[in-house]
Amino acid sequence: MLERPVRGAFALMCGVLVVASACAQGGPGGAMATRSVSKYLALERSLQQGLAARDTGAVGAMLDAGFELRTPTSPDSQSQDQWLKGALGKHGQVRDLSVAEMDDLALVSFVLEQHGAGRKNTSYFIVDAWRQSTGKLQLRYLDVPARPPAPRSRPDGRE
């Protein structure tokens, strides 16, 4: 069972995702959302390429000094070093990315399809908090959904 502060943070992130989804779906700010999606999709793909290549220098340059990973299964966060130990060498494909920009913070949500060697693929739902002024990743929330969403059949301004 999650403790109250962790549940509260998780509920807040769920609310932010609703806003991010609405922003990415069009309306008056629809064109801006598409530019934001392109920008953060490039950053997320660069991060994935660095992880797959085991390039700690490239990955480290993209992470904020206080980077941490959080999951709903643990009240404790993982530091940059702890996360890198498990993430280096793994390759994943980013899809269904959407962005919500608020002041100097960009909340980027997406599904990461990770391809395992000799085992079935794993889908992760990720919310990344990027500091816009520095272009560095500050915080990552990661969950494994019971039923990941199917890939989209038509373009909708996301990727």
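Modeller: The secondary structure comes to four helices and six strands, where helices (H or I, at least four residues) and strands (E, at least two residues) are DSSP runs numbered from the N terminus. This is a predicted model, in which local features need pLDDT of at least 70 and side-chain atom pairs count only at pLDDT 80 or more, while totals for chains, interfaces and linings use all residues. Residues are numbered from 1 along each chain as its sequence is written, and side-chain values use heavy atoms, with hydrogens and water left out.

Read from the N terminus, the elements follow the order α-α-α-β-β-α-β-β-β-β. The six strands form an open sheet with mixed pairing, in the order 2-1-6-5-4-3, two strands being paired if DSSP finds at least two bridges between them. Strand 2 (74–79) and strand 3 (92–102) stand at the edges with a single partner strand each, so one side of each has no neighbour in the sheet.

With strand 4 it runs antiparallel, joined by ten bridges, and Ala106 stands opposite Trp130 of strand 5. With strand 6, the pairing of strand 5 is again in the antiparallel sense, over seven bridges, and here Phe125 stands opposite Asp143 in strand 6. Strand 5 and strand 6 form a hairpin with four residues between the strands, in which Gly135 takes a positive phi near 70°.

As for burial, eight of the ten residues of strand 5 are buried (under 20% relative accessible area, with exposed set at over 50% and partly exposed in between, using a 1.4 Å probe and protein chains only), so strand 5 is largely enclosed by the rest of the structure. In the protein, buried residues make up 37% of the 159 residues.

The structure holds two aromatic pairs, a pair being rings of Phe, Tyr or Trp (its six-membered ring) with centres within 6.5 Å, and counted as stacked when the planes are under 30 degrees apart, edge-to-face when over 60 and tilted for the rest. In one of them, Tyr40 and Trp130 have ring centres 6.3 Å apart and planes at 50°, so this pair is tilted. Because Tyr40 lies in helix 2 (residues 30–52) and Trp130 in strand 5 (residues 122–131), the pair ties together parts that are 90 residues apart in sequence. Both partners are enclosed: Tyr40 is buried, with a relative accessible area of 1%, and Trp130 counts as buried at 0%.

The other pair is formed by Phe67 and Trp83, whose ring centres lie 5.0 Å apart with the planes at 45°, so it too is tilted. It links distant parts of the chain, since Phe67 belongs to strand 1 and Trp83 to helix 4, 16 residues apart. Phe67 is buried with a relative accessible area of 3%, and Trp83 is buried at 6%.
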